[in-house]
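Reader: I have a structure open and some questions about it. Can we go through them one by one?

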Amino acid sequence: MEIMNKRNNFLENLILLSIGVYLFFLSRRGGDTKDIISILIMVFTLVYSYKNRIKRYLFYKKEIIIGAIYIILVGISYIITPDKNSDKFYTFTHMTIFSIGFFLVMLNFKLNNKYTKYILPLLILISFPPLEKGIIDLYSHLNKISGYRIAGDSYTTKYASELGIYFLLGIFSLMYYKKVYLKLLAFLYSLAVLILIFGTQSRNTFLALPITIIFVLILFNWKKGIIVSLILFGGIFLLFKYNHNLETINRIDSSITSIKKVKVDARYTIFSDGIKEAKNYPIIGKGFYYYKNQKLYSANENLDHYHNNFIETAVTQGLLTLIVYIIFLVTLFIRMLKNYFKEDDRLKRYIKLFGLAVFIFSNLYGLFEPIFYFEKIYQLIFTIITVTFIIDENKIS
């Protein structure tokens, strides 16, 4: 028995160490090291599961089955796609194996409660390299910032989605920590991220963030949530009325503040074209990431995709995959809600609510960009969701 416990402890420590190294490399730009470590973590977890039985897998069997079916269907769409190359394979593996696959495998691992207190600080720590790149980008273009959208050594749309996650992280840190100096640090962190978000001039982030914050505040405390929501709406109204020519607000105001403006925006044409095209490929679609390298012509532009998770899935992977994808998202969301409402520990509740916020934000963002093509960001999203599951004390009979 003592030997068995030592082996289990060794495996747990090995997984924990690997996760720490994985998070470090996940914070960097590019590179395959994070993926190699991710594979090692999954292998270690499967060995850990063999040694400790698979009760947690059985508890989450619905999520595992639906997630596995989704990965298989996306795999079929990759097999039939033309022009396979290393870039397309990289996107495919990060959309499936290194994100959802990682999450499904890790479901059987239970993080020791004594490590829970390090989760928020560690996530903030790994956000520093991307934020540093954004600050350098912003500073380098201060003289023309009104006409420049920072990208943080990446692409603006990808970077803006990443910043949205970090802003939510700052808000939840601000809500959780009670000590004044920690609240001050969390406030300064959130403010710095918000300034960078303004620098991206991202309509998607500015639309998705308020909705996400309102939703999670109502979940947290519905009375206070409604009050804060009214204040937030009032602030947004004033921001639109007295924006002093802020480029981000002007971009939103010029495109979505009326039905007439929506119909002349490029996204409307792109979405309409995508819905029409999806009807021609109802079963398996045209092939994974079919339009990569700007093979799609719509709204007088050459594009890589239809700028929407669900339309892009329907056209390139088929309506069957779209249905399974939606079922997976709904099932995952319901499970995350259940895990949150049954949680009694204060810190774990905040972490689980943060995971819900990231889930909601990423799917709202996915209405305007196919976020599953943002390889590193998609990994980050499912890593955060994974954390909310491995801290859970599910009662398994």
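Reader: What should the 20 residues of helix 4 span at 1.5 Å a residue, and how far apart are its end C-alpha atoms?

Author: This is a predicted model, so the values are computed from it. Helix 4 covers residues 61–80. The expected span is 1.5 Å times one less than the number of residues, so the 20 residues of helix 4 should span 28 Å. That agrees with the distance between the end C-alpha atoms, which is 29 Å.

Reader: Which helices do the buried residues of helix 4 pack against?

Author: Start with the buried residues. Among them are I66, Y70, I71, L73 and V74 of helix 4. G67 and G75 are buried too. The buried residues of helix 4 pack against helix 5 (86–95), helix 6 (97–106), helix 15 (309–317) and helix 16 (319–341).

Reader: Which helices hold K376 and E162?

Author: K376 forms a salt bridge with E162, with the closest N and O atoms 2.6 Å apart. This pair ties together parts that are 214 residues apart in sequence. Both K376 and E162 are buried. K376 lies in helix 18 and E162 in helix 8.

Reader: Which residues are linked with D392 in a network of salt bridges?

Author: The side chains of D392 and K352 meet in a salt bridge, at 2.4 Å from N to O. D392 lies in the segment after helix 18 and K352 in helix 17 (residues 346–365), so the pair ties together parts that are 40 residues apart in sequence. The residues linked with D392 in the network are K342, E343 and K352.

Reader: How many salt bridges does the count come to?

Author: The rule asks for a side-chain nitrogen of Lys or Arg within 4 Å of a carboxyl oxygen of Asp or Glu. D392 and K352 meet it at 2.4 Å. By this rule, the count comes to 13 salt bridges.

Definitions and conventions. Residues numbered from 1 in each chain as written. Predicted model: local features only at pLDDT ≥ 70, side-chain atom pairs only at ≥ 80, totals over all residues. Heavy atoms only, no water. Helix = DSSP H or I, 4+ residues; strand = E, 2+ residues; numbered from the N terminus. Buried < 20%, exposed > 50% of the residue type's maximum accessible area, 1.4 Å probe, protein only. Contact = heavy atoms within 4.5 Å.
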